[in-house]
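Subject: Structure handover, aromatic contacts

Hello,

The structure you asked for is below. Notes on its aromatic rings follow.

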Amino acid sequence: MKMQSNFLYALSLFMMTSFGIVSAQSSTVVGPEFGIKGGVNMSNLYSDSDDINDENVLWGFNAGVFAAFPIADNIFIQPEILYTTKGAELEYDTAGVEGTSKFKLGYVEVPLLVRFNLTDNFNIHVGGYASYLVNAKVTGEGDVEFDEDLDADDFERFDAGLSAGVGLDFNPISIGLRYNYGLTTIGKERDVAGTSYTFPDVKNSNLSLYLAYKLN
C-alpha cells in the first residue's frame, strides 16, 4: 500500500536525520509526565481488496491530553485521550457534473503506547488504539453542494488498530509523526432480501503530525 510505504520511508528518513542532529545521551528514570497535544491528520479509507488511494486523503485534526509513566530506564507507558477526525475525500467528474465530496468521522480515541526514549531528544513509540465514533457527516462542494449530518449508529461505533511513530523532544515541547492502521471495518453488516453485506466495507488509515506540551 502506497501510503504505508511512504510512511515507512518517512519514518526511516526521520530517524536518520534525527540521529544526525542529536547526540546519544544516557537518561535516568524520571517521574510521570502529563501534557496536552494536538496536530493535523491526513486520513483515508481502505479495504482488504484495494490499496489506499493517496488522492483521497482528507485533512483533519487531533487534540487531547497525554500521560507517560516510566516502567524502566528510558521506557514509558503512554496513554492518551484524543478527539480525532478521520474519513476520506473523493473528487468526481461524472456526466458533466464535477465536485468534491468529503466523508468525515469524529472519534474519541484512546491510544496506549510503549515509548522508547533512544536519546534525551528522540523517541519511538508503538502500540494500539481504541476509539468510539461520536459523529459523522458528508459534505459536497462543486456543481452540487450539500452538508448533511449522518446517524453515527448507522456505523460501527468502535474502532481499533495499530499505532507506530517517532518524536523529537525539546522539553517541554515535543513534535512527532504517527501512523494509525485501522483493523476494524467502519460499516455495519446489513441484511437485505436475505443477503448479508457490510457497508461501507472499509477501514481507517491515518497519518498524524502533532505538537505536544508537557505540563510538569
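How many aromatic pairs does the rule give? The count is six, where rings of Phe, Tyr and Trp (its six-membered ring) pair if their centres lie within 6.5 Å, and planes under 30 degrees apart count as stacked, over 60 as edge-to-face and the rest as tilted.

This is a predicted model, in which local features need pLDDT of at least 70 and side-chain atom pairs count only at pLDDT 80 or more, while totals for chains, interfaces and linings use all residues. Residues are numbered from 1 along each chain as its sequence is written, and side-chain values use heavy atoms, with hydrogens and water left out.

One of the pairs is edge-to-face: phenylalanine 34 and phenylalanine 69, at 6.0 Å centre to centre and 80° between the planes. Phenylalanine 34 is in strand E1 (residues 33-46) and phenylalanine 69 in strand E2 (residues 58-72), so the pair ties together parts 35 residues apart in sequence. Strands (E, at least two residues) are DSSP runs, numbered from the N terminus. Phenylalanine 34 is partly exposed at 39% relative accessible area, and phenylalanine 69 is partly exposed at 34%. Buried means under 20%, exposed over 50%, partly exposed in between (1.4 Å probe, protein chains only).

The pair of phenylalanine 103 and phenylalanine 155 is tilted, because the ring centres are 5.7 Å apart and the planes at 45°. Phenylalanine 103 is buried at 17%, and phenylalanine 155 is buried at 9%.

Ring pairs also join Tyr46, Tyr179 and Tyr181 into a cluster.

Regards

Terms used:
Helix = DSSP H or I, 4+ residues; strand = E, 2+ residues; numbered from the N terminus.
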